[in-house]
Amino acid sequence: MVDHVQSLARGLAVIRAFSAAEPEQTLSQVARATGLSRAAARRFLITLTELGYVRNDGRLFALTPRVLELGYAYLSALSLPEVADPHLERLAAEVRESASVAVLDGEDVVYVARVATARIMRVSISIGTRFPAYCTSMGRVLLAALPPEALEAYLAGACLRRLTSRTIVLPAALRAELDEVRARGWAMVDQELEEGLRSIAAPIRDRTGRTVAAVNVSTHATRTSLQAAERDLLPPLLATATRIEADLASLSPARA
């Protein structure tokens, strides 16, 4: 039992080693920050990677959004929610609808920031809430930005379940929809995740032009038509995405 508790403590120490100042670290850096040997640090990092809490590009390790499931520790190392919150508050106040920011984690979108004006879904949405990417506006923006090989892998392996009568579940149809999203630069999803729910989303890009997140506005179908959503919600949504991108670009490279 003592060994088990000690292992848990060391695993949490590895997670805490990542910070806003050093969101990506080498094996040696993690070992030095935790006081572990390189071999021990490597074992913990491999385990966390296999569990989906850490990603590795071959040299650098970094936390993934799945750490949100363990609590709010992830947010201390992520500048995006801090940057997005005031912009979401401004957007929600302007359009009088709920606004959110999410990132892609595997086959899901994970909410990392949100300002809610009214509850329009059967489930409550909070930081860390996950939804299938294929049937959400933010998910489609993020999927459309994937490299071709990553998108093909997603389409080949994703479980596309029909959640409403409108949900797109054929891979070919979803691919065509993602092509349109990529071409126009934003996504609209009409009652595919839940009956009565409409949402519109735009990408958030980092200083290199890579899509790192998505921002959306959600509304009820009885309140806002598709035409009204594009006319009234899309312009302030795109402006919000641009402002968030500008703030992200102004951060130091270590926090961007």
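A: Happy to. Let us start with Gln25, which stands opposite Phe61 in strand 3. Before going further, note that this is a predicted model, where local features need pLDDT of at least 70, side-chain atom pairs count only at pLDDT 80 or more, and totals for chains, interfaces and linings use all residues. Residues are numbered from 1 along each chain as its sequence is written, and side-chain values use heavy atoms, with hydrogens and water left out.

Strands here are DSSP runs of E with at least two residues, helices are runs of H or I with at least four, and both are numbered from the N terminus. Two strands count as paired if DSSP finds at least two bridges between them.

Helix 3 (residues 38–51) has 14 residues and spans 20 Å from its first C-alpha to its last, close to the 20 Å expected at 1.5 Å a residue; the expected span is 1.5 Å times one less than the number of residues. Ala40, Ala41, Phe44, Leu45 and Leu48 of helix 3 are buried, meaning under 20% relative accessible area, where over 50% is exposed and anything in between is partly exposed (1.4 Å probe, protein chains only). These residues cover an arc of only 130° around the axis, so they sit on the same side of helix 3; the arc is taken over the directions from the helix axis to the C-beta atoms. On the other side of helix 3, Arg43 and Glu50 are exposed. Gly52 follows helix 3 and has a positive phi, near 90°.

Strand 4 (residues 98–105) and strand 9 (residues 211–220) run antiparallel, joined by five bridges. Here Ser98 has Ser218 of strand 9 as its bridge partner. Strand 8 and strand 9 are also antiparallel, paired over nine bridges, with Ile200 partnered by Val217 in strand 9. The hairpin of strand 8 and strand 9 has five residues between the strands, and there Gly209 takes a positive phi near 90°. On to the hairpin of strand 7 and strand 8: it has six residues between the strands, and Gln191 takes a positive phi near 60°. These two strands pair in the antiparallel sense over four bridges, and Asp190 has Arg198 of strand 8 as its bridge partner. Eight of the nine residues of strand 8 are buried.

What lies across this sheet?

The largest nonpolar core has 30 residues, and Leu80, Val101, Ile200, Val215, Leu237 and Ile244 have the most contacts inside it. A nonpolar core is a set of buried Ala, Val, Leu, Ile, Met, Phe, Trp, Tyr and Cys residues joined through side-chain atoms within 4.5 Å. Two or more residues each come from helix 5, strand 4, strand 5, strand 8 (197–205), strand 9 and helix 9 (226–250). Ile244 touches Leu80, Val83, Ala84, His87, Val101 and Ile204, leaving aside residues up to four places away in sequence; contact means heavy atoms within 4.5 Å.
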